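Q: I would like to learn how to read the features of a protein model one at a time, starting with the general idea and then turning to the case at hand. Could we begin with the terms for exposure?

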Amino acid sequence: MASDGQKVVLITGCSSGIGLRLAVQLASDPLKRFHVIATMRNLSKKGKLEEAAGATLNKTLHIAQLDVCYDESVTQCLSSIQAGRVDIVVNNAGVGKIGPVESLSIEEMKTIFETNLFGVVRMIKALLPDMKKRQSGHIVVMSSVIGLQGVVFNDVYAASKFAIEGFCESLAVQLLKFNIYVSMIEPGPVNTEFEMKLMEEVSQSEFPGADPVTVQYFKDVYLPASHDIFMTMGQTPDAIAQATMKVISMERPVFRYQTNVLYTPLIAMKYADNTGNLSVRTFYNLLFNHGTMFKISLTLLRIITCNCFRSGEISPN
């Protein structure tokens with residue numbers, strides 16, 4: 001139960017990774033500004049969160065079941081909250097998918113959109129009436145730089161993030177009328193157990209339906225390059241949680257917050273050329289024609305950053 005003056009923060013996808021770390025950081029706030037409702041689809045996976053929560057468990061942090069893919073689950077969770085009030089919602093639950101698009105079924109693609117797009121929309125629709133009535137609220141969405149710049153072999157995942165970016169960018173305008181803010185947190189690569197497991201699984205997959213050349217490029221070119229990118233530019237879940245907490249604490253929250261400054265020039269390159277050729281051909285050449293230059297560039301970045309991004313010492317500011 002939230003005390004007077006505390007903001008009720010509901011976070012989805014808290015069984016691990018960014019959601020878990022954000023829930024713990026907010027609940028551990030020295031000023032006790034937040035009452036956190038950390039939700040997850042499967043409560044059998046709450047052990048890690050309970051351990052990380054420590055003394056905050058059942059005080060400033062409560063765990064609840066919530067599956068963003070089902071209306072009934074959303075309704076049941078929100079009805080269990082005191083007065084149904086949620087001041088801040090962090091839409092963190094998400095799923096990823098990589099690989100040749102020919103090997104993905106339409107049903108698999110729909111599953112990605114059901115969580116990454118419609119799951120967020122479902123939460124927002126459920127919370128908006130009360131937020132509008134109270135003329136107050138903050139909707140935070142865990143997006144990605146892939147929602148701004150497509151990445152090879154991430155076609156469907158990028159599409160789901162592009163979709164939620166467009167939805168929220170449109171929604172943010174009208175919600176200012178009700179004093180409700182929308183914020184998109186846009187990390188680059190994040191080193192989580194989920195990401196590592198996903199990479200391991202796809203490296204052993206056969207990808208039926210895709211031609212041998214495409215599968216070869218995916219396994220022999222993309223996966224090693226992706227591994228190098230994560231090793232060089234990957235941030236920790238704690239760093240993303242800190243950035244999100246910073247946005248949540250703003251008096252007038254920003255709409256976009258990119259957590260990794262190394263990605264800003266790459267995003268800018270896309271919008272600098274209205275033909276789209278600059279970014280598409282640059283990424284193509286780096287990946288397929290100039291692999292040596294690509295590796296040298298990453299090595300230089302690794303030396304320059306000195307692991308600061310993984311320790312969270314470098315911020316977007």
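A: A residue counts as buried under 20% relative accessible area, as exposed over 50%, and as partly exposed in between. The model shown here is predicted, and in it Lys 32 has a relative accessibility of 53%, so Lys 32 counts as exposed.

Q: Where is Lys 32 found, and what is the value of its phi?

A: As a general idea, most residues other than glycine have a negative phi. Lys 32 is found in the loop between α1 (17–27) and β2 (34–40), and its phi is near 55 degrees, a positive value in a residue other than glycine. Gln 135 also has a phi near 55 degrees, again positive in a residue other than glycine; it is found in the loop between α4 and β5, and with a relative accessible area of 40% it is partly exposed.

Q: In which sense does β5 pair with β4 and with β6?

A: Strand β4 (residues 88–91) pairs with β5 in the parallel sense over 4 bridges, and within this pairing Ile 88 stands opposite His 138. Strand β6 (residues 180–186) is also paired with β5 in the parallel sense, over 6 bridges, and here Gly 137 stands opposite Ile 180.

Q: What do β4, helix α4 and β5 make, and what do β5, helix α5 and β6 make?

A: The handedness of such a crossover is judged with the strands pointing away from the viewer, and a clockwise path from the first strand over the helix to the second is right-handed. Helix α4 (residues 106–134), together with β4 and β5, makes a right-handed β-α-β unit, and helix α5 (residues 155–175), together with β5 and β6, likewise makes a right-handed β-α-β unit.

Q: Where does UniProt place the feature "active site", and which annotation covers Ser 144?

A: Such annotations may be inferred rather than shown by experiment. An unreviewed UniProt entry places "active site" at Tyr 157, a residue of helix α5, and the annotation "binding site", also from an unreviewed entry, covers Ser 144, which sits in the loop between β5 and α5.

Q: Are Tyr 157 and Ser 144 buried or exposed?

A: Tyr 157 has a relative accessible area of 17% and is therefore buried; Ser 144, at 6% relative accessibility, counts as buried as well. Leaving aside neighbours within four places in sequence, Ser 144 is in contact with residues including Tyr 157, Lys 161 and Glu 165, whereas the residues that Tyr 157 touches include Val 95, Lys 97 and Asn 116 besides Ser 144.

Q: How many helices and strands are there in the protein, and how compact is it?

A: There are 12 helices and 7 strands. The radius of gyration is 20 Å, close to the 20 Å that the globule rule gives for 317 residues, so the protein is as compact as a globular protein of that length. Buried residues make up 46% of the 317 residues, and residues 24 or more positions apart account for 78% of the contacts with a separation of 6 or more.

Conventions:
Residues are numbered from 1 along each chain as its sequence is written. This is a predicted model: local features need pLDDT of at least 70, side-chain atom pairs count only at pLDDT 80 or more; totals for chains, interfaces and linings use all residues. Side-chain values use heavy atoms; hydrogens and water are left out. Two strands pair if DSSP finds at least two bridges between them. Helices (H or I, at least four residues) and strands (E, at least two) are DSSP runs, numbered from the N terminus. The radius of gyration is taken over C-alpha atoms; the globule rule is 2.2 Å times the number of residues to the power 0.38. Buried means under 20% relative accessible area, exposed over 50%, partly exposed in between (1.4 Å probe, protein chains only). Contact means heavy atoms within 4.5 Å.
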